[in-house]
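Biologist: I'm new to this one, could you show it to me and then walk me through it?

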Amino acid sequence: SPEGAQQQQQQCEQPEAGKRMADARRRRRQGFRVSHQIVRRQPATLVIPSRPLVTRAGSKLELGVPSSDPSADGPVIAAASQRAIRAGGSLRAALETARRIREQSAAPLVLFSYLNPLLAFGEDRLPRSLEEAGIDAVLVVDLPPEEGAPLRASLESRDIVVIPLIAPTTDDEREAMVLRGARGFAYYVSATGVTGLGDAPLAA
């Protein structure tokens, strides 16, 4: 729903976002409130989205990388990830999709992934590969702010934004720590529990 989409993403006011992300903000479009998610969890033959979608001014496009152990996702997305992996879906496939999108769109591209596919790809070559594919930011579901300092630094050196996550259980002190130095936007997880289970209680 529109309300859910607005809850999931809240804009940070810190400066120096990635070039295309900053351009979208300056134009005051909807790129940081409503996003189009191209979920790379379906077969590897997934076609590139239509030109009107990828050329819409101010839109942000999110590319999902399939994971064999999507610990934050419910059964529907987990099953979709397994189908994608069996069909050849991977981080490499997502990067190829990004390159093809970049040929026809300057919209900000956010790579949505778990940490393991990034580590398996190789931390040393990941930042350059993301940059060459036209990725502007990464959202790593299971990377807490206390971890991954070398990876964060190498991504930042390529001007690739690492998106922080805030949850309903995040207290004020931790929220301030998570958002310290954040660029672009923060991803707000609007419910506790795994994705797709709308009845997950806050106390779970």
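Predicted model: local features only at pLDDT ≥ 70, side-chain atom pairs only at ≥ 80, totals over all residues.

Biologist: Where do Glu 96 and Arg 99 lie?

Modeller: Both belong to helix H5, which covers residues 91-102, and they sit three residues apart, about one turn of the helix.

Biologist: Is Glu 96 buried, exposed or something in between?

Modeller: Glu 96 has 36% relative accessibility, so it counts as partly exposed, and Arg 99, at 32%, also counts as partly exposed.

Biologist: What about Arg 158, which residue does it form a salt bridge with?

Modeller: Arg 158 pairs with Glu 131, and the closest N and O atoms of the two are 2.7 Å apart. Arg 158 lies in the loop between helix H8 (149-157) and strand E6 (161-162), while Glu 131 lies in helix H7 (residues 126-133), so this pair ties together parts that are 27 residues apart in sequence.

Biologist: And how accessible are Arg 158 and Glu 131?

Modeller: Arg 158 is at 33% relative accessibility and therefore counts as partly exposed, and Glu 131, at 37%, counts as partly exposed too.

Biologist: Which residue does Asp 159 meet in a salt bridge?

Modeller: The side chain of Asp 159 meets that of Arg 183, with an N to O distance of 3.1 Å. That pair links distant parts of the chain, with Asp 159 in the loop between H8 and E6 and Arg 183 in the loop between helix H9 (172-179) and strand E8 (185-188), 24 residues apart. A network of salt bridges links Glu 156, Asp 159 and Arg 183.

Biologist: Why does Arg 183 count as buried?

Modeller: Arg 183 has a relative accessibility of 9%, and buried means under 20%, so Arg 183 falls in that class.

Biologist: Switching topic, where is Thr 170?

Modeller: Thr 170 is in the loop between strand E7 (165-166) and H9, and with a relative accessible area of 18% it is buried. A polar atom of the side chain of Thr 170 lies 3.0 Å from the backbone nitrogen of Ala 167.

Biologist: Now the inside: which residues of the largest nonpolar core touch the most other members?

Modeller: That core has 25 residues, and those touching the most other members are Leu 91, Leu 111, Leu 130, Ile 135 and Val 138. At least two residues of this core come from each of strand E3 (60-64), H5, strand E4 (109-113), helix H6 (115-121), H7, strand E5 (137-140) and H8, and H5 gives the largest share, five residues.

Biologist: What does Val 138 touch?

Modeller: Leaving out residues up to four places away in sequence, Val 138 touches Leu 111, Leu 130, Leu 155, Ile 160, Val 161, Val 162 and Ile 163.

Key:
Residues numbered from 1 in each chain as written. Heavy atoms only, no water. Helix = DSSP H or I, 4+ residues; strand = E, 2+ residues; numbered from the N terminus. Buried < 20%, exposed > 50% of the residue type's maximum accessible area, 1.4 Å probe, protein only. Salt bridge = Lys/Arg side-chain N within 4 Å of Asp/Glu carboxyl O. Polar contact = N/O pair within 3.5 Å; in protein donor to acceptor, adjacent residues only side chain to side chain. Core = buried A, V, L, I, M, F, W, Y, C linked by side-chain atoms within 4.5 Å. Contact = heavy atoms within 4.5 Å.
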